[in-house]
2 protein chains.
Amino acid sequence: MSTRTSAAPSESAQSLYHAMSGLAGPLSSGEGTAPDFTAAPRAAAGTEPSVLLLGAGVGGLTAAYELGKLGYRCTVLEPQPRTGGRNRTARNGDKLYELDGEGNSPVLTHTCAFDKGLYLNLGPGRIPYHHRRVLTYCTDLGVALEPYIMETTANVLHSEGHTPPGRPWRNRRIANDTRGHLAALLSASLTGHDEFTGMLRDLLRRFGDLDEEGEYHGSTRSGYTEPLDVHEFPRPAPPLSLSDLVGSEFWKHRFYQPVEYLWQATMFQPIGGMDKIVHALTERITSEYNVTVELDADVTSIELTGERVGVTYRSGGKELRATADYCVSNIPLPVLKQLTLTGFSTEFRNAVAAVGFAPTCKVGWQANRRFWEDDHNQIYGGISFTDHPITQFWYPSNDYFSKTGTLTGAYNFGEHAQAMGKRTPDERLSLAREGAAQLHSEFLEKTTVPQELGVTIAWHKVPHQLGGWADWDPADPSHQVAYKQLLQPEGDGRFYVVGDQASPLPGWQEGAMMSAQYVVAQLHGILPRTAPTDVRVPDSVFLTQGL
Amino acid sequence: MSTRTSAAPSESAQSLYHAMSGLAGPLSSGEGTAPDFTAAPRAAAGTEPSVLLLGAGVGGLTAAYELGKLGYRCTVLEPQPRTGGRNRTARNGDKLYELDGEGNSPVLTHTCAFDKGLYLNLGPGRIPYHHRRVLTYCTDLGVALEPYIMETTANVLHSEGHTPPGRPWRNRRIANDTRGHLAALLSASLTGHDEFTGMLRDLLRRFGDLDEEGEYHGSTRSGYTEPLDVHEFPRPAPPLSLSDLVGSEFWKHRFYQPVEYLWQATMFQPIGGMDKIVHALTERITSEYNVTVELDADVTSIELTGERVGVTYRSGGKELRATADYCVSNIPLPVLKQLTLTGFSTEFRNAVAAVGFAPTCKVGWQANRRFWEDDHNQIYGGISFTDHPITQFWYPSNDYFSKTGTLTGAYNFGEHAQAMGKRTPDERLSLAREGAAQLHSEFLEKTTVPQELGVTIAWHKVPHQLGGWADWDPADPSHQVAYKQLLQPEGDGRFYVVGDQASPLPGWQEGAMMSAQYVVAQLHGILPRTAPTDVRVPDSVFLTQGL
């Protein structure tokens with residue numbers, strides 16, 4: 001086993017890592033896999049180095065898992081009474097804390113009052129099929145998955161630009177009438193009579209469901225005019241006009257987000273809640289490996305002055321101190337910035353201070369009737385988008401056709417999230433109800449969706465989190481320096497930053513796990529402890545919102 | 001309760017039916033629902049009319065269910081040793097029979113040897129979200145449903161026109177590179193500088209992921225060049241060229257089928273196999289209503305000469321006879337044509353003879369490893385399309401991440417189905433293996449997907465079925481007369497034809513259930529027993545294949 005002084009792993013060690021991570025093989029685009037560290041050397045019994053892991057988010061837990069498998073003695077210090085960080089699922093009795101108006105003291109804002117058995121993911125809610133690390137860990141840990149439906153053509157879109165105003169459009173009409181009109185326009189613009197142009201016209205006919213003349217007059221892809229009966233045949237709904245479609249500017253309201261790679265089918269979610277991953281990881285590391293998880297352990301300072309890493313933390317009203325050979329910090333950068341850091345380089349301090357975390361809010365509802373699945377709505381999963389500040393409205397991809405269910409009644413960003421976060425929970429719910437009522441009249445009254453069964457979270461006000469994800473911006477020159485700096489350990493290889501914040505996938509669990517594997521490989525001496533010369537900066541807005 | 005002489009129900013009765021079926025309300029496009037016959041009058045105890053139902057397919061069982069609820073005394077005669085008709089799920093030990101070369105005698109072709117617990121739907125395999133009758137019956141009967149994934153962007157398409165040949169393309173590349181190129185072409189053709197054209201250009205940028213100049217140079221929507229790592233960022237795969245895309249004629253190989261309304265997300269399938277619907281229906285009608293199901297009861301003649309309907313059938317080596325007040329035939333028209341029909345009109349006989357059933361084959365495989373879900377393939381459900389005679393290749397939408405699974409290794413139509421049906425089961429499997437190997441090299445050897453674990457069915461050779469669905473063709477004038485005729489009872493309202501064959505949705509269970517509800521409403525006297533003057537003809541090719 002390498003020690004922290006082995007800063008330059010051999011080329012063969014790097015090859016080993018690449019072989020383990022499947023990066024050496026001839027992969028098709030977009031493929032990747034998790035490394036199998038079991039092929040790496042382990043420390044002899046009795047000589048296992050120790051590691052302090054700060055924060056039991058997905059990155060910290062994954063690092064503890066891989067380090068534990070490699071034989072390291074690990075202690076995870078977590079300030080909250082639960083593991084998981086932003087991977088949080090709300091259930092009956094769960095208490096939600098946010099910082100007070102001054103941003104200082106955590107205040108209990110409300111307690112989740114969902115019926116027992118119901119749940120809602122407040123943080124990450126879906127796993128793309130190409131996030132191989134998450135899927136592989138789920139398989140490894142026995143976390144059962146089910147499809148997350150990102151889009152159904154029964155979803156609706158609300159925009160003030162609609163004609164008639166206030167009447168949401170079905171996804172299938174927007175998607176397919178747009179395809180039809182665009183294909184017809186292009187077909188009309190083609191002047192050639194060669195074979196290629198003929199084939200292109202044929203493609204356009206199929207692409208947009210055009211008639212033989214290359215014109216678009218509506219399609220059953222957009223739905224039927226009337227419900228079918230034995231002598232009532234499928235007839236295409238009259239198409240939305242191109243001018244109405246363009247006038248609504250529907251594409252500015254995330255309509256094409258499901259087309260982006262991160263949200264393409266088939267997506268998954270753990271059955272029973274996203275925190276099943278966290279629970280399984282926590283159970284595995286504490287039962288099978290030399291890993292201790294201390295909850296309610298709030299780190300206040302980190303010192304790199306001695307031979308070992310020193311950490312001071314508060315627990316049970318006392319100030320305690322721990323030391324270890326290595327330290328892996330899963331603390332969000334804006335929180336880390338507030339700690340007393342001793343013996344850290346200026347470059348590192350600048351990097352920690354360079355990037356903020358993005359504001360983002362979610363609202364969750366319990367509905368006492370799954371009205372969105374009825375004969376009128378026919379919605380099973382997916383998202384309705386809106387120009388209202390709630391931004392989006394998620395339908396559950398679980399327990400279809402059952403009696404009750406939970407809805408994500410808002411998931412917003414930027415100014416909408418900032419403004420919503422300033423309101424009280426009850427005010428947020430009222431705002432969210434207003435936005436939801438534009439989509440579903442059931443929200444006009446409080447019987448089907450009672451106000452007291454709503455939950456809300458403003459992640460930028462949550463203690464120990466302070467935001468949804470590192471708000472990396474490729475246009476900010478300081479971010480270029482900062483991101484690269486975070487890929488390199490401090491203190492002669494003793495201190496590492498982990499998490500989706502130090503990955504090309506901010507806001508995604510895959511990024512947290514990728515970062516954990518990278519840091520473990522660095523710490524274990526099988527990857528260089530210096531970052532490559534040229535490292536890009538994540539585009540957090542695109543990666544989290546697809547726009 | 002009406003009798004069979006009440007041929008002209010009152011307007012209020014029709015209103016009742018429409019109210020019950022939800023057709024009266026202001027529905028959005030494409031919506032519909034199943035009628036609630038419980039609002040209709042019931043016969044007094046002891047005076048319940050009797051009904052003979054011929055064939056226990058989905059249409060026959062649904063009719064028996066609704067008639068049973070209304071108090072009719074029902075007997076279902078089914079020639080096979082199981083109910084369900086084309087709704088059939090293959091499991092270990094299931095015997096597959098087909099007619100011999102002369103088309104006369106049923107021959108045991110093979111026995112399904114899947115591991116216990118595995119299954120594959122040989123008939124219908126999916127339920128659209130707008131097929132409200134199927135979904136409502138499933139809820140009513142307690143049939144648990146899970147999403148059927150029609151398309152994932154990880155699916156592939158094989159076409160000899162591909163460049164390089166023999167290398168299948170990912171769905172995400174075809175779909176998104178085509179969008180990009182078409183949007184860029186249209187953007188370049190726009191000459192206006194008005195506000196509308198500016199907005200249209202903006203739409204095209206988002207639609208096709210164009211750059212600021214309206215050009216397409218590839219998109220991460222098509223996947224990444226390299227798997228991500230901490231300093232390996234998302235880069236778009238190089239786009240397929242428009243000439244390669246057009247040259248492949250990919251759209252001729254069903255690529256856009258998932259865009260059609262019948263296959264749009266969210267689709268469903270019963271957990272455990274499509275025949276869960278059949279089992280639940282059979283259990284419900286026999287346990288809760290006055291319905292008897294006689295299996296192995298092969299009808300040979302039907303007589304409408306007396307006051308009642310007479311039926312002769314073979315069972316247990318004997319010829320038996322039954323009579324009833326009414327008869328509802330769920331027998332496929334090509335089979336009905338072969339029976340001795342006495343007392344039927346010429347118009348009706350002509351209608352029965354007018355339409356054939358379409359040839360269609362399926363092949364099913366057990367795979368001992370879910371290789372399609374591995375890091376290389378990343379395929380969870382959906383369909384890969386190919387220009388090989390297998391036509392399509394379905395991945396399971398159930399039991400993801402488990403060890404083994406079943407695949408639909410062929411589902412073809414027309415000439416491909418005719419040709420495949422002429423081969424022996426082993427020859428069909430060898431042909432299907434050849435087509436599958438163009439998509440997945442695991443089929444080159446027989447370890448992962450053993451030949452002896454394959455199943456195959458040529459529906460047009462299955463006794464009592466003789467095809468996949470009524471092959472209605474709107475271009476055939478005789479079909480116009482025939483379809484309308486089948487919507488009207490024979491023998492003064494005593495004899496009715498039921499099934500997807502007599503619905504605008506041939507090949508779909510929704511059509512069978514719709515037809516059953518229609519016939520029950522006619523028989524019960526709450527719908528006219530004459531069809532409207534103008535009735536269209538189903539387009540079976542479009543409705544079953546989407547092309």
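Predicted model: local features only at pLDDT ≥ 70, side-chain atom pairs only at ≥ 80, totals over all residues.
Residues are numbered from 1 along each chain as its sequence is written, chains are lettered from A and ligands numbered from 1 in the order in which they are written, and side-chain values use heavy atoms, with hydrogens and water left out.

Now to the interface itself. Counting contact as heavy atoms within 4.5 Å, 98 residues of chain A touch 98 residues of chain B. Between them the chains bury about 8900 Å², with 64% of it on carbon and sulfur atoms; this is the accessible area (1.4 Å probe) that the two parts lose on being put together, summed over both. Polar contacts show up too: 33 residue pairs across the interface, both residues at pLDDT 80 or more. Such a contact is a pair of N or O atoms within 3.5 Å; within protein, one must be able to donate a hydrogen and the other to accept it, and residues adjacent in sequence count only if both atoms are side-chain atoms. On the side of chain A that touches chain B, at least two residues each come from helix 3 (132–141), strand 7 (145–148), helix 4 (171–189), helix 5 (195–208), helix 6 (242–248), helix 13 (509–523) and helix 14 (540–545) of chain A. Helices (H or I, at least four residues) and strands (E, at least two) are DSSP runs, numbered from the N terminus.

Side chains of opposite charge can pair when their charged atoms come close. With a salt bridge taken as a side-chain nitrogen of Lys or Arg within 4 Å of a carboxyl oxygen of Asp or Glu, the count between chain A and chain B is four. B:Arg132 makes one with A:Asp375, with the closest N and O atoms 2.8 Å apart. The whole structure holds 30 salt bridges over all chains. A:Glu288 and A:Arg284 form a salt bridge, their closest N and O atoms being 3.8 Å apart; both residues sit in helix 7 (residues 275–288) of chain A, four residues apart, about one turn of the helix.

Inside chain B, five strands make up an open sheet in the order 11-2-1-15-22, with parallel pairing (two strands pair if DSSP finds at least two bridges between them). Strand 11 (291–294) and strand 22 (495–497) of chain B are at the edges with a single partner strand each, so one side of each has no neighbour in the sheet. On average, neighbouring strands of this sheet are turned by 15° against each other, direction ignored. Strand 15 (residues 326–329) of chain B runs parallel to strand 22 of chain B and is joined to it by three bridges, with B:Cys327 standing opposite B:Phe495 of strand 22. Across strand 15 and strand 22 of chain B lies helix 13 (residues 509–523), at about 160° to strand 22; axes are lines fitted to C-alpha atoms, for helices over the stretch in contact, and angles run from 0 to 180 degrees between N-to-C directions.

Chain A also has an open sheet of five strands in the order 11-2-1-15-22, paired in parallel. Here strand 1 (residues 50–54) and strand 15 (residues 326–329) of chain A run parallel, joined by four bridges, and A:Leu52 stands opposite A:Cys327. Helix 2 (residues 58–69) of chain A lies across strand 1, strand 2 (73–77), strand 11 and strand 15, at about 165° to strand 1.

A cis peptide bond links A:Ala265 to A:Thr266, with omega about 10°, and A:Thr266 is in the loop between helix 6 and strand 10 (267–270) of chain A. The loop between helix 6 and strand 10 of chain A also holds A:Glu249, a residue other than glycine with a positive phi, near 50°. In chain B, a cis peptide bond joins B:Ala265 and B:Thr266, again with omega about 10°.
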